[in-house]
Amino acid sequence: MHLSDLNSWNLIYSKIDPVAFKLFGLSVHWYGIMYVLALVVALLMAKYFAKKDSLGISNSLLDNYFFWVEIGVILGARLGYILIYDPNTSYYLLHPWQIFNPFANGEFVGIRGMSYHGAVVGFILATLMFCKRYKQNLWMLLDLVALSVPLGYFFGRIGNFLNQELFGRVTNEPWAIMVAGSLRHPSQLYEAVLEGLVLFVILFIYRKYKKFDGELIAMYAMLYTLARFLCEFFREPDFGIGFVAFGMSMGQILSICMFAFGFIVYINLKKKRLKK
């Protein structure tokens, strides 16, 4: 495709500034705005389903739980990225105070680099501690999370798109976008739709047929990783890592592990239900 053949969509990145506005000299990125929006949407969805499905979980308890898991997610996502994807892992291990340092050379640049799979680990640990502390039904709470997260995740991926990161592989498809001189798949949007909207619709419909606590979160783990595995075929492998094994990216390898975990959880919970 020649440059003269490109349309406004192909060149959309030339019209988008990752910085939404400046506040007191600090740059506020679209990604940050979308991340906050994702968190708010997830919390509102949790409160909506807790009330609509009569789960007996109060708004104040959900607010408290939200605080716990947000800490777990941020710590897990950042540490996961440092340990799995960042090419400067050894530097951060020797200088751990730099992991959450939002400044570079005296300039505020924010914290860049978050791992979804690391966030999952942080989320699980925070949830386990919360349920133990407040004596909550772990699997019922996780099912509520499975319903609440996908729409929030949709906005997170839109944030990746606006921030011009995690871009796709080179392609000549007519809907490709120009990134650093090459036409690429808008893979962030593929993920926003499949891992966000489609997953939400499936779980929203299926929740009425749920047979046991924990079924929805197990389904979420399997369906999300299936969607992520497929989207990875259109997403550029992580810089400095490339393809790990059998032509698969690190995201696909981790997705296989997460799918297996979700499947094992589903089978074990189903067996326990049948024994009752």
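Is Gln164 buried, exposed or partly exposed? Gln164 is partly exposed, at a relative accessible area of 29%; buried means under 20%, exposed over 50%, and partly exposed in between (1.4 Å probe, protein chains only). This is a predicted model: local features need pLDDT of at least 70, side-chain atom pairs count only at pLDDT 80 or more, and totals for chains, interfaces and linings use all residues. Residues are numbered from 1 along each chain as its sequence is written, and side-chain values use heavy atoms, with hydrogens and water left out.

**Confidence**
- Mean pLDDT (the predictor's confidence in each residue, from 0 to 100) is 88 for the chain, and 93% of the residues score at least 70.
- Helix α6 (residues 187-206) has the highest confidence, at 96, and strand β4 (residues 107-108) the lowest, at a mean of 63.
- Helices (H or I, at least four residues) and strands (E, at least two) are DSSP runs, numbered from the N terminus.
- Where pLDDT is low, the predicted coordinates should not be read in detail.

**Annotated spans**
- An unreviewed UniProt entry marks "transmembrane region" at several spans, including 20-44 and 138-156.
- UniProt positions follow the numbering used here, feature names are shortened, and annotations may be inferred rather than shown by experiment.
- Residues 20-44 are 60% helix and 32% strand, with end C-alpha atoms 24 Å apart.
- Residues 138-156 are 100% helix and 0% strand, with end C-alpha atoms 25 Å apart.

**Arg157**
- The unreviewed UniProt entry lists a "binding site" at Arg157.
- Arg157 sits in helix α5 (residues 138-162).
- Arg157 is buried, with a relative accessible area of 6%.
- Beyond neighbours within four places in sequence, its contacts (heavy atoms within 4.5 Å) include Glu191, Glu195, Tyr224 and Arg228.

**Positive phi**
- Most residues other than glycine have a negative phi.
- Gln164 has a positive phi of about 55°, and lies in the loop between α5 and β5 (177-179).
- Phe246 also has a positive phi, near 55°.
- Phe246 lies in the loop between β7 (243-245) and β8 (248-249), and is exposed at 81% relative accessible area.

**Nonpolar surface patch**
- A nonpolar surface patch, with Phe67, Leu93, Phe100 and Met114 among its members, has about 850 Å² of accessible area together.
- Patch residues have over 30% relative accessible area and no salt bridge; like charges are joined within 9 Å, nonpolar side chains (Val, Leu, Ile, Met, Phe, Trp, Tyr) within 5 Å.
- A salt bridge puts a side-chain nitrogen of Lys or Arg within 4 Å of a carboxyl oxygen of Asp or Glu.
- Accessible areas come from the Shrake-Rupley method with a 1.4 Å probe; for residues, only the protein chains shown count as cover.
- Helix α2 (residues 59-84) gives the largest share, seven residues.
- Phe67 is in helix α2 and is exposed at 52%.
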